[in-house]
Amino acid sequence: MIARGLGENTVGLSSREAALRSVQAVRNLLSDLGISPTLKVTAAKEEGIPVMAEDALKTGFVTTNPRRSTIDDIKELYRQAFAEDIYV
């Protein structure tokens, strides 16, 4: 659905293929808007990871996510985002 919403043709694609097309469509949108897909080039600092992780736990997003996340999981996601291993 995300890919279609961003104008991508998903006709004949499997659910997985459509999901992967969605990822690329979001990356393209970020690029078009001039938004960095990683934390490395933002004002955020790696030293702030513990505080950012604590703040993330306070949001409803962690509790409603189908994948259970611990504080250490969230810290690792932030570390990866600074290392450019994942997109945020």
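## Helices and selected residues in a predicted model

Thr63 is exposed, with a relative accessibility of 64% (exposed means over 50% relative accessible area, buried under 20%, and partly exposed in between, using a 1.4 Å probe and protein chains only). Thr63 sits in helix 4 (helices are DSSP runs of H or I with at least four residues, strands are runs of E with at least two, and both are numbered from the N terminus).

This is a predicted model, in which local features need pLDDT of at least 70 and side-chain atom pairs count only at pLDDT 80 or more, while totals for chains, interfaces and linings use all residues. Residues are numbered from 1 along each chain as its sequence is written, and side-chain values use heavy atoms, leaving out hydrogens and water.

**Confidence**

The protein has a mean pLDDT of 85 (pLDDT is the predictor's confidence in each residue, from 0 to 100). Of its residues, 95% reach 70 or more. Among the elements, helix 3 has the highest mean pLDDT, at 92. Helix 4, residues 60-64, has the lowest, at 78. Where pLDDT is low, predicted coordinates should not be read in detail.

Thr10 lies in the loop between helix 1 (2-5) and helix 2 (15-33). Thr10 is buried, because its relative accessible area is 16%. Setting aside neighbours within four places in sequence, Thr10 contacts Ala3, Arg4 and Ala18 (contact means heavy atoms within 4.5 Å).

Ser22 is part of helix 2. It is buried, at 10% relative accessibility. Not counting residues up to four places away in sequence, Ser22 touches Ile2 and Ala3.

**Helix 3 against helix 5**

Two packed helices are described by the angle between their axes and the distance between the axes. Helix 3 (residues 49-58) and helix 5 (residues 71-82) pack at about 125°, with axes 9 Å apart. Helix 3 is therefore oblique to helix 5 (under 35 degrees is roughly parallel, over 145 roughly antiparallel, 65 to 115 roughly perpendicular, and the rest oblique). Axes are lines fitted to C-alpha atoms, for helices over the stretch in contact, and angles run from 0 to 180 degrees between N-to-C directions.

Which residues meet here? From helix 3 come Ile49, Pro50, Met52, Ala53, Glu54, Ala56 and Leu57. From helix 5 come Ile71, Ile74, Lys75, Tyr78, Arg79 and Phe82. The residues of this contact divide into 10 nonpolar, no polar and three charged (Ala, Val, Leu, Ile, Met, Phe, Trp, Tyr, Cys and Pro count as nonpolar, Asp, Glu, Lys and Arg as charged, and the others, Gly among them, as polar).

Pro50 lies in helix 3. It counts as partly exposed, at 40% relative accessibility.

**Pairs in sequence and space**

| Pair | Apart in sequence | C-alpha to C-alpha |
|---|---|---|
| Pro50 and Ile71 | 21 residues | 8.5 Å |
| Phe61 and Leu6 | 55 residues | 23 Å |
| Thr63 and Arg27 | 36 residues | 26 Å |
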